[in-house]
Amino acid sequence: MSCLKVTEQCIKDQNVCNRHLTPQKKACPQNRKHCNLNNCHRAIRSFYGKISPDLAEMLVFCGCHPSDELCLQAKETLHNNSCANHMDTKPTCLHLKEKCFNEDICRSRYELFQATCWGQLTRICQQGNEKDCLSGFTWDDWSCTANAECMAAYINTRGTLLQVECTCSGVAKDDQPLCELFQHMLNYQVCFSKLCHYLLSDIPRYCSF
């Protein structure tokens with residue numbers, strides 16, 4: 001479903017969706033000068049914790065055609081991209097993972113997402129050095145378990161550092177493969193490309209994330 005349609009439905013639902021979306025919008029201003037990342041993420045976690053799983057799925061996986069300005073504005077309202085997804089300096093994906101692991105909520109939600117969606121590979125690498133183990137896989141090895149539990153685990157990462165944009169630019173050569181794997185897993189959401197095509201049949205190929 002398009003983000004515009006989802007937003008309209010949310011606003012009409014005064015008792016649940018809009019009532020809980022309003023505090024999130026206040027905590028995640030579009031003007032980044034007024035953005036407090038921790039407060040914004042806390043509000044996002046609260047929002048998704050108070051709505052139904054079905055509604056959360058529609059909100060997270062909505063999309064827009066890139067020429068649809070009204071839809072893109074609605075998407076910004078829903079996902080707070082300018083505040084929730086950015087740091088003043090874009091971190092490397094490995095640094096972001098390290099920062100995530102220093103926060104109990106982020107670490108536990110990352111571990112659930114990793115185990116639920118990428119469990120086969122991570123189980124293989126539990127016994128040895130994660131860096132050497134994961135770096136030994138090719139892109140074809142990184143297949144995701146895109147089932148309902150995986151979708152729920154991904155939605156559960158909203159409102160954490162895991163939704164912040166990261167880069168592998170400037171990463172040491174030896175760390176580049178591992179960084180790109182984490183970027184592949186966290187940023188590009190290859191898990192859900194087929195799901196997006198199904199959910200967004202009216203606007204194919206455009207997923208929000």
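**A first look around**

Analyst: The protein chain has 13 helices and zero strands, where helices (H or I, at least four residues) and strands (E, at least two) are DSSP runs numbered from the N terminus. This is a predicted model, in which local features need pLDDT of at least 70 and side-chain atom pairs count only at pLDDT 80 or more, while totals for chains, interfaces and linings use all residues. Residues are numbered from 1 along each chain as its sequence is written, and side-chain values use heavy atoms, with hydrogens and water left out.

User: What is Phe113 in contact with, leaving aside its neighbours within four places in sequence?

Analyst: Its partners are Trp118, Ala153, Tyr154, Thr157, Met185 and Leu186. Contact here means heavy atoms within 4.5 Å.

User: Switching to helices: how do the axes of helix 4 and helix 11 cross?

Analyst: Helix 4 (residues 53–60) and helix 11 (residues 148–155) have axes that come within 11 Å and cross at roughly 70 degrees. So helix 4 is roughly perpendicular to helix 11, a label for angles of 65 to 115 degrees. The axes are lines fitted to C-alpha atoms, for helices over the stretch in contact, and angles run from 0 to 180 degrees between N-to-C directions.

User: Which residues meet there?

Analyst: Ala56, Glu57 and Val60 in helix 4 meet Met151, Tyr154 and Ile155 in helix 11.

User: New topic: where does Asn85 lie?

Analyst: Asn85 is in the loop between helix 6 (81–84) and helix 7 (93–101).

User: Is Asn85 buried or exposed?

Analyst: Asn85 is buried, with a relative accessible area of 8%. Beyond its neighbours within four places in sequence, Asn85 contacts His79, Asn80, Gln163, Val164 and Glu165.

User: Last one: where is Phe182 found?

Analyst: Phe182 sits in helix 12 (residues 176–186), and it counts as buried because its relative accessibility is 2%. The C-alpha atoms of Phe182 and Leu96 are separated by 9.9 Å, although the two are 86 residues apart along the chain.

Conventions. Buried means under 20% relative accessible area, exposed over 50%, partly exposed in between (1.4 Å probe, protein chains only). Angles under 35 degrees count as roughly parallel, over 145 as roughly antiparallel, 65 to 115 as roughly perpendicular and the rest as oblique.
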